[in-house]
Amino acid sequence: MYALMAVLMLVAGIGHLAIWTRLHCSIHSLPFPQRLIDIVEYTTYLMSVLIPVLFFVWWIQQPLNWRTSESGPIHYSTLYYVWYYYTSACVVAFIAASLLWLLYQRDAQIAADYFQERQLGSFNFDPMAPELLTSTSTRLASMIPGNEILQLIVDRKELYLPRLPGELDGFTITHISDLHLKGHMAEEFYRKVIAQANDLGSEMIVIAGDIFDRDKCFPWARTLAKLSAECGVYFVIGNHELRLNDPAMARKVLVEEGLIDLGGTQMTLTIRGYPVVLAGNELPWFPPAADMSTLNASQFDQPPFKILVAHTPDQIGWARGNDFDLMLAGHNHGGQIRLPVIGPLVSPSIYGTRYAGGMYYQPPTLLHVSRGVSGTNPLRWNCKPEITQLVLRTRS
Ligand SMILES: [Fe+2]
């Protein structure tokens, strides 16, 4: 009986965390004022701890024979019913979270048929921490055993795209995301990241948002100006640019340095003689998304290959609805902390951790979500920063 009770409490405890974690994820995926997001975030932290403590305090105050009555009907207190229904909701949340976890495993199995990954390099900047980390809190965080904020992975993913024309077979795109220029990592850190990105020699480079976190870092656009690719360097901005005093200035300084703004727009490029539509979607933070209704199929001799750059993978439905072949996103940072078997616990997405990082195939769109380069929380575990070279391949 006690063992069953212990299992029930464990299940309810995990379900309780699932409820508040999901609320935490959802609030970060919506375009609410930062103050409201902060209030909800700290409330979720507080409730995650406070509710189990209150339950425990109430529980130990109950008489040992509270379940039995020697005479007459049992009269439970109102608080008893509150705990009863909340615990039931937690058990349901546990079951739902378990089913979603199974769904995510299925997602990974499906996507595995559409790409192959090879690590090209692993750069451990830990010995350079004093030079690369400029804030005390980040320096202290970097000393936590296992923290991977200074360990950059450079990898290559070959993507097998069902509708890729032969002309574009082997086309390369370097996907960078979530640089979070804030001032807690020195500009030198970003110089090293940009150098690694350029060494890949891709034909196109895209940055999928969350570039600037502080207005004071606008001059660092000069470092991003070093990015170089034959077909151009493109960017969208993300939710962290919304926190700037002057988000428009973020675009301006990047454009002045030669980067191409894809925010809310679409353009048709001719690459290797083939039409490629490249579009940007910064929803829900910077509407509107690119207007795809102006794209007229009759203007093309051949169906164009369509690539979307969005900050959040939550826009996958929009990408599918507009018939995109490839979507590149960031925002979720891989979850930043990934537990063995379970995977990430938190991801700022309306879909929870479903699109935390990696490859996903939602026909007709193949989605790549970068784990990003940095973040506002200087803690990563089992989730190293990354830049990725994507090699487009025809799927036979
Ligand atoms: Fe981010």
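Visitor: At what angle do helix α1 and helix α3 pack?
Guide: This is a predicted model. In it, helix α1 (residues 2-27) packs against helix α3 (residues 78-111) at an angle of about 75 degrees, and their axes are 7 Å apart. Angles of 65 to 115 degrees count as roughly perpendicular, and α1 and α3 are therefore roughly perpendicular to each other.
Visitor: Which residues meet there?
Guide: From α1, the residues are V11, A12, I14, G15, H16, A18 and I19. They meet T87, C90, V91, A93, F94 and A97 in α3.
Visitor: And what classes of residue make up that contact?
Guide: The contact of α1 with α3 has 10 nonpolar residues, 3 polar residues and no charged residues.
Visitor: Let me pick S88. Where does it lie, and is it buried or exposed?
Guide: S88 lies in helix α3. It has 12 other C-beta atoms within 10 Å, so S88 is exposed, the cut-off for that class being 12 or fewer.
Visitor: How many Å apart are S88 and I307 in space?
Guide: Their C-alpha atoms are 45 Å apart, and the two residues are 219 residues apart in sequence.
Visitor: Changing topic: how many helices and strands does the protein have?
Guide: There are 9 helices and 15 strands. The radius of gyration is 24 Å, close to the 21 Å given by the globule rule for 396 residues, so the protein is as compact as a globular protein of that length.
Visitor: What percentage of the residues is buried?
Guide: Buried residues account for 38% of the 396 residues.

Note on methods: Residues numbered from 1 in each chain as written. Predicted model: local features only at pLDDT ≥ 70, side-chain atom pairs only at ≥ 80, totals over all residues. Helix = DSSP H or I, 4+ residues; strand = E, 2+ residues; numbered from the N terminus. Rg over C-alpha atoms; globule rule 2.2 N^0.38 Å. Buried ≥ 20, exposed ≤ 12 C-beta atoms within 10 Å, placed from the backbone. Axes fitted to C-alpha atoms, helices over the stretch in contact; angles between N-to-C directions. Parallel < 35°, antiparallel > 145°, perpendicular 65-115°, else oblique. Contact = placed C-beta atoms within 7 Å. Nonpolar A, V, L, I, M, F, W, Y, C, P; charged D, E, K, R; others polar.
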